[in-house]
Amino acid sequence: MATSRRPNQEDDHEESPSRRCPRKWVPCVLVLVGFHLLAVVAEPLHFFSRSEVQSSPEFAALRRTFAPYVEWLYLDHGYFFFAPNPGPSHLVAAMLVPEAGQTWTSSFGASAGSLPETDTPNRVGISDRHLNPKNQLANGEIAYLFPDRTRQWPRLLYHRYFMLSEFYNNVFAPSELLPDDRQDLEFVARWEQDREFYALLQKSMTNSMAYRLSKPDPTMDRPQGPGVNLVRLERPLPTVEQILKQGLRLNDSRNLEVLPESPRIPSGESVQPQRLKFPSIPSGKP
Amino acid sequence: MTKEAVSTNESSLKSALRTVYSNLENFFLAPRTAETLATLRIATGAMLCYIHCIWILDLTSFFGANALLNLEVLDTLHAKSYKWTYLASSDSLAVALIHEVLAAIVGVLLAVGFATRWTSIAAWFLTLMTVHRLTPFLFGLDQITLMLVLYLCVGRSASCWSVDVWLGERLRRARLRGAQLQGGKGTALSKSSNGQPNGPSNGSANYSARVSVHANGTPITPESFPARVSGIVRWMGWDDDGRACWCNTLATRLIQLHLCFIYFFGGLGKLRGGMWWDGTAMWFSAASYEYQSLDLTWIGYYPIFGAILTHITLFWEVTYFALVWPKQTRLFVLAIAVMVHAGIGIFLGMITFGWMMIVANLAFVEPKWLRRYLLSNGKPNDSI
């Protein structure tokens with residue numbers, strides 16, 4: 001007659017016979033655990049111990065030692081969630097730069113018609129209507145914006161684009177340096193590297209956007225897309241007063257600022273981020 | 001110092017070291033059952049599947065020749081690092097599609113606990129490959145999900161609530177029936193304590209309730225199967241009898257400690273910011289349109305409430321690593337964790353991240369509590 005042992009649900013550790021770690025393995029396992037936990041803290045310690053003067057040498061050495069392990073296992077995080085302060089959001093707008101008179105249809109079905117030749121270059125025609133896929137695309141207007149919760153859905157997809165726009169802004173390196181900055185050769189070398197990477201990323205994203213916005217042509221290997229220019233936008237965080245007293249909406253596009261690619265304008269003066277001017281939007285409770 | 005004093009000091013030092021060693025061993029390696037890890041496995045596997053489905057949804061933007069981040073950029077980005085992925089060796093969309101579909105399927109298999117020993121490793125590896133290909137698109141969700149699946153590879157999370165357990169039982173039963181038909185010498189189906197044959201596992205990780213035995217008391221083990229079958233059974237992990245195992249404790253402790261580090265450094269980061277001190281961080285988080293999913297700007301009408309929420313979040317995060325261990329404070333700390341992450345999910349649009357952080361916090365819930373809670377239809381009868 002078969003039997004069944006009685007269940008014992010009293011404790012997690014008492015069920016007998018439990019699988020214990022073989023004695024001779026214990027030291028080895030504990031050492032490996034110690035190694036792994038050191039690797040986990042190596043990046044945040046290094047990240048936190050950096051200042052304008054230096055990186056703390058012992059944490060820098062720890063991070064260097066563990067670099068292959070930390071990086072390949074994707075443990076290289078500083079865990080700076082919403083820290084040190086919640087900051088402004090950054091968006092990326094793909095602006096069309098078509099040839100004069102060119103007519104085409106974007107991939108999301110917006111019929112563009114004949115595109116006007118003139119518009120103020122920095123005049124980003126962003127408004128709430130850009131969220132409407134049927135908007136007319138004109139020279140200088142936004143063809144594609146991200147993150148945009150109406151275009152990128154589900155929310156996780158939207159968040160992927162959001163992270164890319166933040167990354168694009170984080171790695172930004174201006175197209176030129178101010179004369180004062182050119183005196184510091186180390187700074188210039190770092191800028192050159194950063195600028196090279198930023199330009200590569202910009203080119204890659206521009207090509208991808210052009211492809212997305214183009215009408216695929218089956219006769220060609222790669223579809224011929226419109227010219228696209230990427231513009232970085234920043235949405236500063238509004239104050240309580242702006243939202244609750246002045247009635248500004250969180251998504252009010254008047255808040256968006258175009259971030260310059262260069263610290264200089266042709267006259268030689270440095271520029272401040274440009275605030276966009278939009279038609280007034282009825283204010284209301286957010 | 002006399003020789004006796006030196007000898008006494010040495011022996012007390014050795015004794016202290018032995019105590020430390022023994023405590024470490026007990027902390028990391030004392031066997032425990034797998035209910036907690038099984039819960040994490042189900043949630044993590046399902047989330048991995050969802051994550052990969054999202055990559056597939058907009059595949060041409062993430063992979064291929066026209067990806068937002070082409071291989072040249074990726075090479076430069078990873079030039080001085082040890083990040084490697086086979087997805088960076090070709091911009092073939094077909095390879096990427098196969099990879100992502102496979103990863104989504106493996107996520108499902110992990111969630112249901114099929115061949116978990118292998119699917120957990122596969123899920124981790126495939127996700128890691130994607131992560132190294134798409135680094136600029138990632139955020140906390142990917143960090144926490146990859147962390148969980150890494151540690152799930154260490155534990156035996158399939159010891160309960162898994163297809164592996166169900167298959168193992170079916171195989172044992174089939175073997176028993178075969179033995180009965182061939183002569184039936186002293187074998188029969190195992191029975192539970194109420195006299196009913198054991199069906200597919202009801203979720204309990206009880207070794208005793210699940211093991212079928214011959215009449216002579218010998219458990220039916222893989223060796224009881226023909227050699228070829230027993231090899232497969234072992235290889236697939238279908239021989240798991242649900243016993244408490246040291247691997248489960250090791251995996252759980254690693255998750256717990258990793259989570260403590262995340263909160264501790266996250267809290268330290270916030271301590272550097274003025275908004276977390278002056279109480280406005282909650283407002284500015286709520287006022288970020290790109291994050292917002294539900295309107296939380298009404299919090300601006302109640303500045304004291306906003307400041308209290310800010311400071312609770314700050315102090316909870318900084319002290320999490322210390323207060324989550326004692327049983328007296330654990331429930332309180334975990335309750336705040338659930339509220340904070342539910343708030344992030346509901347109001348700040350990161351439902352996936354908020355959910356996975358809540359799931360990760362389950363690592364601090366004892367298996368016995370989960371077992372009792374889930375098997376008594378939602379009536380816990382013990383503290384966490």
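Predicted model: local features only at pLDDT ≥ 70, side-chain atom pairs only at ≥ 80, totals over all residues.
## A walk through a two-chain model

Residues are numbered from 1 along each chain as its sequence is written, chains are lettered from A and ligands numbered from 1 in the order in which they are written, and side-chain values use heavy atoms, with hydrogens and water left out.

Back to our opening pair. B:Arg371 and B:Glu35 form a salt bridge, with their closest N and O atoms 2.9 Å apart; the term stands for a side-chain nitrogen of Lys or Arg within 4 Å of a carboxyl oxygen of Asp or Glu. This bridge links distant parts of the chain, since B:Arg371 sits in helix α17 (residues 367–375) of chain B and B:Glu35 in helix α2 (residues 35–57) of chain B, 336 residues apart. Helices (H or I, at least four residues) and strands (E, at least two) are DSSP runs, numbered from the N terminus. In general, side chains of opposite charge can pair when their charged atoms come close.

How many salt bridges does the structure hold over all chains? The count is 17. One of them joins the side chains of A:Arg19 and B:Asp240, at 3.9 Å from N to O. This pair crosses between chains: A:Arg19 belongs to the segment before α1 (26–48) of chain A, and B:Asp240 to the loop between α10 (227–236) and α11 of chain B. A:Arg19 is buried, with a relative accessible area of 16%, and B:Asp240 is buried too, at 7% relative accessibility. Both residues also take part in a network of salt bridges that links A:Arg19, B:Arg156, B:Asp240, B:Asp241 and B:Arg243. Within chain A, the side chains of A:Glu71 and A:Arg63 meet in a salt bridge of 3.1 Å, N to O. Here A:Glu71 counts as buried at 8% relative accessibility, and A:Arg63 is buried with a relative accessible area of 11%.

Now for chain A as a whole. Its secondary structure comes to 6 helices and 5 strands, which run α-α-α-β-β-α-α-β-α-β-β from the N terminus on. Of the 286 residues of chain A, 48% count as buried. Contact means heavy atoms within 4.5 Å, and among the contacts in chain A with a separation of 6 or more, 58% join residues 24 or more positions apart. The mean pLDDT of chain A is 76, and 67% of its residues reach 70 or more; pLDDT is the predictor's confidence in each residue, from 0 to 100. Over residues 219–223 of chain A, pLDDT stays under 50, and the model has 7 contacts beyond four places in sequence for them. It also stays under 50 over residues 275–286 of chain A, for which the model has 34 such contacts beyond four places in sequence.

On a 1 Å grid over the protein atoms alone, a cavity is a set of points where a 1.4 Å probe fits but cannot get out, and a pocket is an open set with protein on both sides within 12 Å along at least five of seven lines; lining residues have an atom within 4 Å of a point. Grid points are joined across faces, edges and corners, and a volume is the space filled by probe spheres set on the points.

A search of the whole structure finds 5 cavities of 30 Å³ or more. The second largest cavity holds about 80 Å³ of space, and its lining includes A:Leu75 and A:Tyr79 as well as B:Met147 and B:His258. The elements giving two or more residues to this lining are α7 (140–152) and α11 (246–271) of chain B, and α7(B) supplies the largest share, 4 residues. The lining divides into 8 nonpolar, 3 polar and no charged residues, where Ala, Val, Leu, Ile, Met, Phe, Trp, Tyr, Cys and Pro count as nonpolar, Asp, Glu, Lys and Arg as charged, and the others, Gly among them, as polar.

B:His258 is found in helix α11 of chain B and is buried, with a relative accessible area of 2%. Not counting residues up to four places away in sequence, B:His258 touches A:Val40, A:Leu75, A:Tyr79, B:Met147 and B:Tyr151.

Conventions:
Buried < 20%, exposed > 50% of the residue type's maximum accessible area, 1.4 Å probe, protein only.
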